[in-house]
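Good morning, colleagues. I would ask you to keep the sequence and the model in view while I speak.

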Amino acid sequence: MYKEIIKNIKKYDSIVIARHIGGDIDAIGSQIALKEIIKETYPNKKVYAVGAFSSRFKFLGSLDKEDDIDFDNSLLIVLDTPKVSRLDVENIAKYKNRLRIDHHPFEENFCNIEWIDEDKSSTCEMIVDLCFNTKLKMNKSSAEKLYMGIIADTNRFLYPCATSNTFITVAKLISNYKLEIPSIYEKMYLRNLDEIRFIGYVFQNIKVTKNGVGYIKITDEIQKKFGVDAASAGNMIGELSYIDDFIVWITFSEDKKQNIIRVSVRSRGPAINTLAMQYNGGGHKLASGIRLPNFDLSDEIVEKLDIICEEYNKNN
Ligand SMILES: [Mn+2]
């Protein structure tokens, strides 16, 4: 697979790198890092990292527009995206040649070459492996972004997707590129007091069902009251791990700008991605996301999760 990927990167002078909508640190980090890596290895190639920019992740760098791309003669590399409908790119059909690198559970095939590895913590970990096994060259900047993606998707090695291989990869990355961990964590985790007070609100107000589903609806009004944005509200899910009363936890946060409700679900036991798929969402077995038009279906989803937990409790 490594050979096949390199062969294709070599073949094209123009390469476009895309990833899922609502890009997170793993998606945008792997995207911008891979662009830097290809530029470092093949300085004459044109490389574009495309998709919506999020000022929240400005420490990862900036993105390019899809203008003046010669689609017929470009290679599209899709990162961290299990479904074509989740892709943040104008029109995938414009690209004849597509390559995908992803660690989500397989959902559908939409590229001619696909490297899918569910056992990898993150797409960033896959890109590091790709570099360590080929002549693709990282530098300190790309290594730092890839490290950030691994840290984000494992929640600082808290989640079970962090395997012994992840630790080996990360150790090599830190020592080869002399990564300065305190400054990286400062970029990723420094927060203002408004956000911390908002976390306090979430802890105070989250409810729990009979069978262990923690749930909270975070309206636009609440976000305004605490001076946080929809992205911060969506990120609250990461704060709720290791609460003994929850087996599954879910946040519904209103995004007034996009006119949607961002839903994040996490589990410590039962798989929740099949339920997410029923609502046009998806993701990993224990970590999924959904987008809803409004709060109408939220109670129904919580009820279904409660049934999933009831089943799970019977058997465990
Ligand atoms: Mn990811």
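The largest nonpolar core comprises 50 residues, and those with the most contacts inside it are I15, V16, I17, I77, I127 and L146. By nonpolar core I mean a set of buried Ala, Val, Leu, Ile, Met, Phe, Trp, Tyr and Cys residues joined through C-beta atoms within 7 Å. A residue is buried if 20 or more other C-beta atoms lie within 10 Å of its own, exposed if 12 or fewer, and partly exposed in between, with C-beta atoms placed from the backbone.

At least two residues of this core come from each of strand 1 (14–19), helix 2 (25–41), strand 2 (46–49), strand 3 (74–79), strand 4 (97–102), helix 3 (123–132), helix 4 (140–154) and helix 5 (164–177). Helix 2 gives the most to this core, namely eight residues. Helices (H or I, at least four residues) and strands (E, at least two) are DSSP runs, numbered from the N terminus. Apart from this core lies another, of 28 residues, among them I218, I250, I272 and I290.

Two remarks on conventions. Residues are numbered from 1 along each chain as its sequence is written. The model is predicted: local features need pLDDT of at least 70, side-chain atom pairs count only at pLDDT 80 or more, and totals for chains, interfaces and linings use all residues.

Let me return to I77. Leaving aside neighbours within four places in sequence, I77 is in contact with I15, I17, L34, L99 and I101; contact requires C-beta atoms, placed from the backbone, within 7 Å.

Next, the sheet. In what order do the five strands of the open sheet lie? The order is 2-1-3-4-5, and the pairing is parallel; two strands pair if DSSP finds at least two bridges between them. Strand 2 and strand 5 (113–116) are the edge strands, each pairing on one side only. From one strand to the next, the twist averages 15 degrees. Strand 3 and strand 4 run parallel and are joined by five bridges, and V78 stands opposite R100 in strand 4.

Helix 2 packs on this sheet, where it touches strand 1, strand 2 and strand 3, and its direction makes about 165 degrees with that of strand 1. Axes are lines fitted to C-alpha atoms, for helices over the stretch in contact, and angles run from 0 to 180 degrees between N-to-C directions.

How is helix 2 placed against helix 3? The two pack at an angle of about 20 degrees, with their axes 8 Å apart. They are therefore roughly parallel to each other, a label that applies to angles under 35 degrees. Helix 2 contributes D26, A27, G29, S30, A33, L34 and I37 to the contact, and helix 3 contributes T123, C124, I127 and C131.

I turn now to another group of strands. Strand 6 (residues 207–208) and strand 7 run antiparallel, joined by two bridges, with K207 opposite Y215 in strand 7. These strands form a hairpin with four residues between them, and G212 in the turn has a positive phi of about 100 degrees. In strand 7 (residues 213–218), five of six residues are buried. Strand 7 also pairs with strand 8 (residues 248–255) in the parallel sense over six bridges, where K217 stands opposite F252.

Finally, Y312 is located in helix 11 (residues 298–315). Y312 counts as partly exposed because it has 18 C-beta neighbours inside 10 Å.

Notes:
Contact = placed C-beta atoms within 7 Å. Parallel < 35°, antiparallel > 145°, perpendicular 65-115°, else oblique.
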